[in-house]
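Me: I would like to go through this model term by term. Please set each value against its definition.

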Amino acid sequence: LLETKTPDLAHRNIACRITGVASRRLGWIADPAGVDFARLEPSSQKSVREWLAAAQADVLFEATSLDPHTGQPAIDYLRAALEMGAHAITANKGPVVHAYRELQALAAETGKRFLFESTVMDGVPIFSMFRENLPGLELRGFHGILNSTTNVILGGMEAGLSFEDSLKRAQEFGVAETDASNDIDGWDAAVKVAALVTVLMDSPIPLREIRREGIRALTGDAVRAARLAGKPYKLVCRAQRTASGIKASVAPEQVPLSDPMAWIEGTSSIVYFETDLFPGLALTEVNPGPEATAYGMLADFVRAVTDQKS
Ligand SMILES: NC(=O)c1ccc[n+]([C@@H]2O[C@H](COP(=O)([O-])OP(=O)(O)OC[C@H]3O[C@@H](n4cnc5c(N)ncnc54)[C@H](OP(=O)(O)O)[C@@H]3O)[C@@H](O)[C@H]2O)c1
């Protein structure tokens, strides 16, 4: 995406060069003159800090796998980037849930940005919409469908498959991971709820305080009967500010067809915000692919390098 959007970036006076790439298998590859992707050579760097220094990085794009319980190693990578004078951009929800305030404070201290637009609903501008376009608005609660794997599995069950066969089909299509338990048991959705509550309701919430129930216990018969009765099952995320604090949950619910959540099919998603001044404000995303996530990171990149103020 950085390559295909080069003309647009140039129009904004942004030039970029990929000077490092790293993963578990690749190790830490750096070349300040620009990485040659046709010939990725093993390098001598042994840690994220050595790698960032060798790459002379101005921006880190962090996209390691989610650890819902600790947010690591992503938190360490993002902390290292900010401490070494680079903007820290992530698609990984873990650091938002487990280290939002720390990383935000570090970014403010170093004059860099910690941005994470791709963490919820891929590249849809949720966090930046509130931060940049809705100043002073109070978010009282939200609900929505934020996990696509479970939505695809429920759709397969409605079409006649068992839970196991529908999961297998979602894995064959590359929608579900080989170990899909983070999705099926509601962890991925709970982490997204925690990220939204932490940032948009300014109230860090531990995962254990989110009531969580996945879709594993639903049978094909129950899912098909619910659809026939006009109240299909959906894995619904909810959060509400109450007098005794924020109540949040992830659980299968039967949603009436009059509710837009019932129309969300496949990998699509929806979030419906309740605010003090807009009683209902919804964002819907239809059938995103991986490029939507990449776009969220690209948009964060443009924000970071064109505006370093907040
Ligand atoms: N896929 C999406 O559409 C989407 C949408 C929104 C957000 N996200 C988030 O974006 C992140 C990446 O998603 P993905 O689907 O690409 O995940 P993935 O398939 O699990 O890939 C993760 C990548 O991170 C690398 N990695 C994992 N642990 C590492 C470690 N300890 N040190 C260095 N590298 C490590 C892996 O390297 P190796 O390949 O070398 O093992 C792999 O390249 C996740 O946090 C996910 O929740 C994804």
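Me: What is the handedness of the crossing of H2 and H3?

Reply: The crossing of H2 and H3 is right-handed. A crossing is right-handed if the near helix is turned clockwise from the far one by less than a right angle, and left-handed if anticlockwise. Helices (H or I, at least four residues) and strands (E, at least two) are DSSP runs, numbered from the N terminus. This is a predicted model, where local features need pLDDT of at least 70, side-chain atom pairs count only at pLDDT 80 or more, and totals for chains, interfaces and linings use all residues. Residues are numbered from 1 along each chain as its sequence is written, and side-chain values use heavy atoms, with hydrogens and water left out.

Me: Why are H2 and H3 called oblique to each other?

Reply: Their axes are 10 Å apart and the packing angle is about 40°. Axes are lines fitted to C-alpha atoms, for helices over the stretch in contact, and angles run from 0 to 180 degrees between N-to-C directions. Under 35 degrees is roughly parallel, over 145 roughly antiparallel, 65 to 115 roughly perpendicular, and the rest oblique. H2 and H3 are therefore oblique.

Me: What makes H6 oblique to H7?

Reply: The axes of H6 (residues 148-158) and H7 (residues 163-172) cross at roughly 125° and come within 8 Å. That angle makes H6 oblique to H7. Their crossing is right-handed.

Me: What makes the peptide bond from Gln72 to Pro73 cis?

Reply: Its omega is near 0°. Pro73 sits in the loop between strand E3 (59-62) and helix H3 (74-83).

Me: What sets Gln56 apart in phi?

Reply: Gln56 is not a glycine, yet its phi is positive, near 50°. Gln56 belongs to the loop between helix H2 (48-55) and E3.

Me: Which residues are closest to the ligand?

Reply: Ser23, Arg25, Thr64, Ser65 and Tyr77 are the closest of 15 surrounding residues. A residue counts as near if one of its heavy atoms lies within 4 Å.
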